[in-house]
Amino acid sequence: MKSEKIPIFIILSMFLINIGWVSCSKENTLEIVKNPLEEEVYYIVGKLNQGNMPVEDVAVSASGVTVKTSQDGMYQLPVKKKGDYVVSFTKDGYIPLTSSVTIPGNMHTGSTVSLPLQMTKKNATVTIDPSKDTVIIYPGADKLTSIIFPAGITNKPIEVSATEFINGAMENAKRASFSTFELEISGMEGTLPVEIKNQAHPLIRVGNIVQYAEIDGQWTLLGDVSTFDWGQNVLKTTIQSSYVKHSIGPVFEIVSTDTSLESLGEVTIDNLGNLSSKEVEVMVKQKMGWEITTNMDDYYSNYPGLVDDDCKYTTATLYRVLASINGSLFGIDETDLSLGVAKVSGDTKMEVKCFARVEDITFRFILFFQDIWVTHHISIKKYSGVNVEFDYQYGPNHTGNQE
């Protein structure tokens, strides 16, 4: 059978047509993708310090998810749902902490809640000699407490590890703390009489002091404290040896909380006119921490007779009390935070707007000054997280999705 030869120009024409068809098909196909930032995920974000030094390799856990802090003490814990969470912080050699946070119902996906905390190394064990007073003094400029174990509390030496620390922030708390400490006792069971000495002022003092212990993972009220010697700044009390964590401090009340938004800028991903998708990492400046907004000169003007040293002494106690409420020392920190990679479909412009949530909180304390009970207020500013908003614009080629 005789075959017919196809002219070469026909073959070339078919080849070029085919190439042109493939090329045009590729250029005119709109790439539709799912934006990872729109997936339902929220972040609990914070920095863990001891004093002003970051603590790395702390395990941060909530709802079955665990991450570890980086070299700079930062962590970013993803959670999938809105609601209440209990977050735990653990590292060998440090006091374990828990803290409660809430992902608000009106929060957009990708938003964050900030939770910076103070970690504390456990102190070495001390042998209590029953024949004499033993004083454990906490090291560090931010530690204001010592525990005195009086002579005769036991008929044999016992081993005690006592460490003062700042507990994790607790939502809806109704008390603060002059002193929170972990007390591990070996060789004795039952109650143990102790004297707790902390920094307070004999002329100006907080009323309604209460004593708490952590029992089965919950802070439990043990009772009012009525045996505080303000002249010596010493509380004489008894400690249940089976209770490891203890807290002594004033009752307080939150009388107002106002939340506002502070712009942190925006990230724009402009892909209008393009049919292929585009990826960009979204970075934001995350603020966290707290500061006092009350004018302290006005604060102390309510208490005539206090000299400068008195005011400094009282301020140190006030900072300590507020630290126990917030879980971190005084100060505002700022760090770069990645919200992940945004991926937009072709012919789309996306704006990611970020806002810091700022809480203005006013606390009410009962103070006792010159034999008069005085109700006083202290206000703070607290950065509690980042709200994220998304805006989209679509080009004419993005059919079916114009807004």
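**View 1. Lys-287 and Glu-262 meet through their side chains in a salt bridge (2.8 Å, N to O).** A salt bridge here is a side-chain nitrogen of Lys or Arg within 4 Å of a carboxyl oxygen of Asp or Glu. Lys-287 sits in strand S23 (residues 278-292) and Glu-262 in strand S22, so the bridge ties together parts 25 residues apart in sequence. Strands (E, at least two residues) and helices (H or I, at least four) are DSSP runs, numbered from the N terminus. Lys-287 counts as buried, at 19% relative accessibility. Glu-262, at 25%, counts as partly exposed. Buried means under 20% relative accessible area, exposed over 50%, and partly exposed in between (1.4 Å probe, protein chains only).

The model is predicted: local features need pLDDT of at least 70, side-chain atom pairs count only at pLDDT 80 or more, and totals for chains, interfaces and linings use all residues. Residues are numbered from 1 along each chain as its sequence is written, and side-chain values use heavy atoms, with hydrogens and water left out.

**View 2. A salt bridge joins the side chains of Glu-253 and Arg-364 (2.7 Å, N to O).** This pair links distant parts of the chain, 111 residues apart. Glu-253 belongs to strand S22 (residues 253-270), Arg-364 to strand S25 (residues 348-369). Glu-253 is partly exposed, with a relative accessible area of 40%. Arg-364 is also partly exposed, at 29%.

**View 3. Asp-391 forms a salt bridge with Lys-353.** Their closest N and O atoms are 3.0 Å apart. Asp-391 lies in strand S26 (residues 372-394) and Lys-353 in strand S25, so parts 38 residues apart in sequence are tied together. Asp-391 is partly exposed, with a relative accessible area of 33%. For Lys-353, also partly exposed, the value is 23%.

**View 4. Salt bridges link Lys-122, Glu-182 and Glu-184 in a network.** The structure holds nine salt bridges.

**View 5. The largest nonpolar core has 43 residues.** A nonpolar core is a set of buried Ala, Val, Leu, Ile, Met, Phe, Trp, Tyr and Cys residues joined through side-chain atoms within 4.5 Å. Residues with the most contacts inside this core include Phe-149, Leu-322 and Phe-363. Helix H3 (residues 308-326) gives the most to the core, with six residues. Beyond its neighbours within four places in sequence, Leu-322 is in contact (heavy atoms within 4.5 Å) with Trp-290, Ile-292, Phe-363, Ile-378 and Ile-380.

**View 6. Gln-211 is placed in strand S17 (residues 209-215).** Gln-211 is buried, at 9% relative accessible area. The C-alpha atoms of Gln-211 and Thr-237 are separated by 9.5 Å. Along the chain, these two residues are 26 residues apart.
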